[in-house]
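Student: I have a structure open on my screen and would like to learn how to read it. Could you walk me through some of its features?

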Amino acid sequence: MERTFLARNPSVLVFLGALALFTLTVTILSEGLGIGFLSTSFIKTLGKTLCLCLAALALDLVWGYCGILSLGHFAFFGLGGYMIGMWLMYARTEEIVVSSLANVPLPPTSEEIRDAIGTQIFGVVGGAELPMIWSFADSLTIQLVLVVLVPGILAFLFGWLAFRSRVSGVYLSILTQAMTLALSLYLFQNDSGLRGNNGLSGLQNLPGAENVSQATLSILFLWGSALALGSFYIASAWFMSGKFGSAIRAIRDDENRLRYLGYWVESYKLLVFVVSAIITAIAGALYYPQAGIINPAEIAPIASIYLVVWVAIGGRGRLYGAVIGAAFVSLISSWFTGGQAPDIPLGFYTIKWVDWWLVLLGFGFVLVTLYAPKGLGGLVDQLVRRKSA
Amino acid sequence: MTRAETLLELDKVSVSFDGFKAINELSFAIGSAELRAIIGPNGAGKTTMMDIITGKTRADSGQVKYGDHAIDLQNLSESAIAQAGIGRKFQRPTVFENQTVLENLTLALHNDRSPLKVLFNKTTEMDRRRVDTLADEVGLTDHLHRTAGELSHGQKQWLEIGMLLAQEPRLLLVDEPAAGMTPQEREHTTDMLKRAAKTCAVVVVEHDMEFVRRLDCRVTVLHEGSVLAEGSIDHVIQDRQVIEVYLGR
C-alpha cells in the first residue's frame, strides 16, 4: 500500500473536483452570496438534485454492486425526511406559539406550550395531542439520530427476514415494492401520527434562523448536500474497492460460489442493504428541508422506480454512472414537467410535454437498455479508454 | 478404517425427490489424505451425494459425520461447512468472471470471512506470497491480472481448483474436472489433484474411465443411490455387476 487510496482511484478525484467546481460556480451565480444570476428556487432544485444523486449512489451500492434490485428505496428516503421534518416543524411551531403567548399576563407553562404546539400541528387532522412518536421532536440531536436509526432498523429487519429466507431476484424486488407501498398507505392515515396526507410542511424555515434569508439558506443546503454527496462518494468508492468490494461483486455474479467458499453471503447482503438505506435516509433528510414539504405520496412505489430508472440510464455498477443518471434525468424531468419545455403544435394535435414526458422517458429507458446497457457511465468509460489508447 | 483415520463418513444416508430415491442407504467413508474416484452412470446419485455433503441438500435419514469430532454436517449451513474445510468444485467452471485471477484467488484465501473483518482487511505480504504460490501451482502465474472471463475453459477449471486449494481444505469434492479438456490439460489436472491429495482428501467424480485410470486410486462405483463396488480400477471394471450396469443388462 505505497500509494494512498485516492491516488489509486483517480476517478474519485475527478468526481470530487467536478463537484467542488459545480458548487463554487453555483455559489458565485446565486442570489444569496453571488451575482444573482440563478434564482433561489433554481438553487433549491440543484440542491435537491444533489440529494437525489446521493440516493442513486446508495441504490447503486445494493443494485449495481450487490445485485439486489430494491424497488422500495424511497421508503428510506422518505423516513429520513420525516424524521428531520418532525424537528423542523415542532421547533418552528414552538417559536410561533411562544411569540404569540409573549403578551399574556401569566407566562405559559411548558405544558401549555406543548399543548398549543399540538393544536397547531394536528388541528388540520382533527387532533390536538402530540402523538407518542413526537416525544423527542423538540431535540434536534435525537431526531438526527433517528434519521439514521429508523430507516436503518427497518432495513435491518426487512433484509434479515428476506435474505435469511434466501428471497432473491424478482421476488425480492416485489417485496421491497410492497414495503414502500405499505409504508406509504400507513402514513396516509390521519392516525399514523404524521398528519396523514397533509404530511409535514413549512420545512424550508429553519428554526432559530429567522434572520437568514431563503436565498442564503438555499446556498447553505446546497453546500451541505454537496458535502454529503462528496463524502459518501469517497466512502462508497473505498467500500467497494479491495477485498470487501470484490466479495460484494462476487455475490452479484454468483452468490452460490461465494457461499461454497465459506462466506456467509446473507450477512454481506444485510450490511450493504442497511448501509445503503442509511445513506438514502440521509439524502432524504437533506432533501426535504429544501423541498419544504413531505407527504406520503413521496414514498409511493413510482418514486423508487424512478430512482432505479436513473441508475439504469446512468449506468449501474459504477458510482459516477448513478450520479450522472440521477442528475441528468431528474433535471431534464423537472424541465419538461415544469412547463418550461415548449409545446409542439402539430395542427391537429399539440404535444404537451407535461403529458408526454413519461413516454419520452420510457423510450429513453428502452433505448439505453437496448443500445447502451452500461448506461451513460459506460459511454464515459469508452471515451476515457479511447483517449488512453 | 478406524475412526482416527476417517475424515468423512456417510452412514446409511437416504434422500428422495418426489418419491424418487436419489440416494438410497448410502454408506461411504474417506480417509484424511486419500484420493478417491467416484464413477457411476447418469442418475447414480453422484452430484446429489456432493449436495448432501456440502449442505445444499438435506438428507431424509442417515448421518454425515465429518472431522476429528465426527460432527454431523446436516446441521450446518453451506458456508459453515466450507469454513470447516470442505471445498467443492462444480461441474461447469464456476469462477467470478468479471474479476481478475488475483481477485478470485484472494477472495478464496483462508482468512476471516466476517464482513467487517473483510472490509478493514489489509492484504498482507503473506497473503500475496500465498497467492503467488497458488497461481504457480495451477499454472496461472502469467495470468494473475487478467479477467477470469478471458481465460480458456481449462484455465478456468484450474483457477477454480486453485481457489479451492486457497481455502486450505481438508476435503476437496471435484465434479468432472476433465470435462472439455485437451489431453495435455488433462494430464496437468491429474498431477494437480494427485499433489493435492498428499495434504488433504480429494474426491473426484468422473465419467471418463481413462482419466480415472490415470488418477491411479481407489474407485467407488455408485448405482441407483448406493455403493455397487469399491476397489482398484482393475478390480472394479471386472466386477460382474459393474459390467451389467455400464453395458446394460
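This is a predicted model: local features need pLDDT of at least 70, side-chain atom pairs count only at pLDDT 80 or more; totals for chains, interfaces and linings use all residues.

Student: What is the phi of B:Asp18 near?

Tutor: First, the general idea: most residues other than glycine have a negative phi. B:Asp18 has a positive phi, near 50°. B:Lys12 is another non-glycine residue with a positive phi, near 50°. B:Lys12 lies in strand E1 (residues 6-17) of chain B, and it is partly exposed because 13 other C-beta atoms lie within 10 Å.

Student: Which glycine follows H1(B), and what is its phi?

Tutor: That is B:Gly55, with a positive phi near 90°. The buried residues of H1(B) are B:Lys46, B:Thr48, B:Met49, B:Met50, B:Asp51, B:Ile52 and B:Ile53.

Student: Where is B:Gly31, and how far is its C-alpha atom from that of B:Leu8?

Tutor: B:Gly31 is in strand E2 of chain B. Its C-alpha atom is 7.0 Å from that of B:Leu8, though 23 residues separate the two along the chain. B:Gly31 is partly exposed, since 16 other C-beta atoms lie within 10 Å.

Student: Now I'd like a buried example. Why does B:Met192 count as buried?

Tutor: B:Met192 counts as buried because it has 21 C-beta neighbours inside 10 Å. This residue belongs to helix H7 (residues 183-196) of chain B. Leaving aside neighbours within four places in sequence, B:Met192 is in contact with B:Val138 and B:Ile161. From B:Met192 to B:Ile161 is 31 residues in sequence, and 8.6 Å in space from C-alpha to C-alpha.

Student: How should I read buried residues as a group?

Tutor: In soluble globular proteins, nonpolar side chains tend to be buried together. Here the largest nonpolar core has 180 residues, and A:Leu54 and A:Ala56 touch the most other members. Helix H10 (residues 265-291) of chain A gives the most to this core, with 17 residues.

Student: Which residues is A:Leu54 in contact with, apart from those within four places in sequence?

Tutor: They are A:Ala228, A:Leu229, A:Phe232, A:Ile279 and A:Ala283.

Student: And how do I describe two helices that pack together?

Tutor: Two packed helices are described by the angle between their axes and the distance between the axes. Take helix H3 (residues 40-65) of chain A and H10(A): the angle is about 170° and the axes are 8 Å apart. That makes H3(A) roughly antiparallel to H10(A). Among the residues making the contact are A:Leu54, A:Ala58 and A:Val62 of H3(A), and A:Ile279, A:Ala283 and A:Leu286 of H10(A). By class, this contact has 15 nonpolar, four polar and two charged residues.

Student: What angle do H4(A) and H5(A) make?

Tutor: Helix H4 (residues 73-100) and helix H5 (residues 110-122) of chain A pack at about 115°, with their axes 9 Å apart. H4(A) and H5(A) are therefore roughly perpendicular to each other. The crossing is right-handed. Its contact residues include A:Tyr90 and A:Val97 of H4(A), and A:Ile113 and A:Ile117 of H5(A). This contact divides into eight nonpolar, two polar and one charged residues.

Student: Finally, how many residues do the two chains bring to their contact?

Tutor: In this structure, 23 residues of chain B are in contact with 21 residues of chain A. On the chain B side, helices H2 (78-83), H3 (101-108) and H4 (115-119) each supply at least two residues. The residues of that side comprise eight nonpolar, nine polar and six charged.

How values were computed: Residues are numbered from 1 along each chain as its sequence is written. Chains are lettered from A and ligands numbered from 1 in the order in which they are written. A nonpolar core is a set of buried Ala, Val, Leu, Ile, Met, Phe, Trp, Tyr and Cys residues joined through C-beta atoms within 7 Å. A residue is buried if 20 or more other C-beta atoms lie within 10 Å of its own, exposed if 12 or fewer, and partly exposed in between; C-beta atoms are placed from the backbone. Helices (H or I, at least four residues) and strands (E, at least two) are DSSP runs, numbered from the N terminus. Two residues are in contact if their C-beta atoms, placed from the backbone, lie within 7 Å. Ala, Val, Leu, Ile, Met, Phe, Trp, Tyr, Cys and Pro count as nonpolar, Asp, Glu, Lys and Arg as charged, and the others, Gly among them, as polar. Axes are lines fitted to C-alpha atoms, for helices over the stretch in contact, and angles run from 0 to 180 degrees between N-to-C directions. Angles under 35 degrees count as roughly parallel, over 145 as roughly antiparallel, 65 to 115 as roughly perpendicular and the rest as oblique. A crossing is left-handed if the near helix is turned anticlockwise from the far one by less than a right angle, and right-handed if clockwise.
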